Amino acid sequence: MEPESPREPPPQEGSCPPGERPPSALGQSLSQIVHRLTSQEPRRGKARSAALEDLSALIEATECDELLEGGGTWRRGMPEVLGQVARALEKYAAPPREQEGRRRADCEVAEKAAAVGLLFLKVLGRMEAAKSSLVGPTWTAGLRHSAAPIYVFALTHSLEHPWTSPGSREVAGEVLSVLLRVTPCASVAGFLHGEHEDEKGRFTAVMELLKRDLNKESWKNNPATKHVFSWSLQQVTRPWLSQHLETVLPPSLLISDDYQTENKILGVRCLHHIVLNVPAADLLQYNRAQVVYHALFNHLYTPEYNLIQAVLLCLLDLFPILEKALQWKGGAARPTTHCDEVLQLILTHMEPEHRLLLRRTYARNLPAFVKRLGILTVRHLKRLERIIIGYLEVYDGPEEEARLKILETLKLLMQYAWPRVPCRLVVLLKALLKLICDVARDPNLTPEPVKSALLEEATECLILLNHCSQGQVKDLLVKILQSCEDSKVVNCIRKVQQVSEGTSYNGT
């Protein structure tokens, strides 16, 4: 029998796998600090604070070449260890899960962030010094592994959030500035997507770091993750964003599908940025555009005016992509579009709506839908007529935004659907004259500039109505001009008559 070989002892903490050179003393020390920072054992707060102090002393006592190269005995592994240290520090300073009564926790997070930020400044200072030293290009490997976690930390704590303080924001902002200087990049956008079109940026590395906290089960564990993702996404534009579409679309849909309005709006804005900055062909592939459309359409049933505003703006930019494949071949009725479907739902909500903020939001976006549909707006003409008349009758506050937008909608409607206007002449004329009289007699509720804007818009509508009706409005206004004593009303009627004089109605 062969003698039994002695059993090898288990690898110790900080040791390397077989076949690789053993780590240096520096590498072992850094690995131990990472273990102390990431330990999940209870009551480790003091130990982690001590680990930060040890790390600070270690960085100060170590030369640049040894810190970035590993002292010549473990050069290949030192950049990875620096990356592990950066990730551990970023995770250590991350805010806890959102919960009630977390003011004390937020103060603790701000203190941790300030301490971690000072450590990152020391590390980046060593890298900046190494750029002009004999270390050569080796420092770039350390930066490549640590840039993403340093960026996530800086963005988490540089913007104003409940878990930040003026001190932590100042330190984090300085970390971001030094990081861009070391990289070197002129802006955060250049840092993420590269300074040139053919240059590879660090957005992929940032998303890899965020990915663990951007799934359905864990995206609320760290309240900063959604803000870092959203803000970073906004910095990546055409032509760079298309290559990251599969990475950024699922988190955007996930955030927009939350029950909290704040998160819904954040997700919708992410989707809007994607719609604006990704080619239509990529969005149409695999029915991605349809998925985005249905996610947005479901939000239109909520009574939150700020969410409705974000959704409608996104949909208006999504319609051209969705309808790219629709082609009317003639000989039959044009098929209804996604824009028709959305406008029909909006009008259904507008008609009985009594809340001013929602009325203003719907009215604000109505002209864009009429422009988008053009002559096809006639499909919705009956309901639009009722809404226009109803909204013109209701005072909307000092700014009169809803009534001004409804007048703009009426002008567009008469331009696009003028053949259908004459049969509605009397109804529209009464509504416009009533509005002019109400505004002219308003004693002090509306500021004078707003009154002037309302009267001007109403007068332009009367001029268009007169043109669409072959001059009938001018004839109907003659009797009013003879009996009316209000100077503002008289001025509006005279403008209509002056513009109408000498106008030929052979064609509209």
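Y286 lies in the loop between helix 13 (280–284) and helix 14 (288–299), where helices are DSSP runs of H or I with at least four residues, numbered from the N terminus. This is a predicted model, in which local features need pLDDT of at least 70 and side-chain atom pairs count only at pLDDT 80 or more, while totals for chains, interfaces and linings use all residues. Residues are numbered from 1 along each chain as its sequence is written, and side-chain values use heavy atoms, with hydrogens and water left out.

**Backbone in the loops**
- Most residues other than glycine have a negative phi, and most peptide bonds are trans.
- Y286, although not a glycine, has a positive phi of about 60°, and its relative accessibility of 63% means that Y286 counts as exposed (over 50% relative accessible area, with a 1.4 Å probe and protein chains only).
- N287, which is placed in the loop between helix 13 and helix 14, also has a positive phi, near 60°.
- The peptide bond from T183 to P184 is cis, with omega near -15°, and P184 is found in the loop between helix 7 (166–182) and helix 8 (188–193).
- The peptide bond from R238 to P239 is cis, with omega near -5°, and P239 sits in the loop between helix 10 (225–235) and helix 11 (245–256).

**Packing of two helices**
- Helix 16 (residues 338–350) packs with helix 17 (residues 356–373) at an angle of about 150°, their axes being 11 Å apart, where axes are lines fitted to C-alpha atoms over the stretch in contact and angles run from 0 to 180 degrees between N-to-C directions.
- Helix 16 and helix 17 are therefore roughly antiparallel to each other (an angle over 145 degrees).

Conventions:
Angles under 35 degrees count as roughly parallel, over 145 as roughly antiparallel, 65 to 115 as roughly perpendicular and the rest as oblique. Buried means under 20% relative accessible area, exposed over 50%, partly exposed in between (1.4 Å probe, protein chains only).
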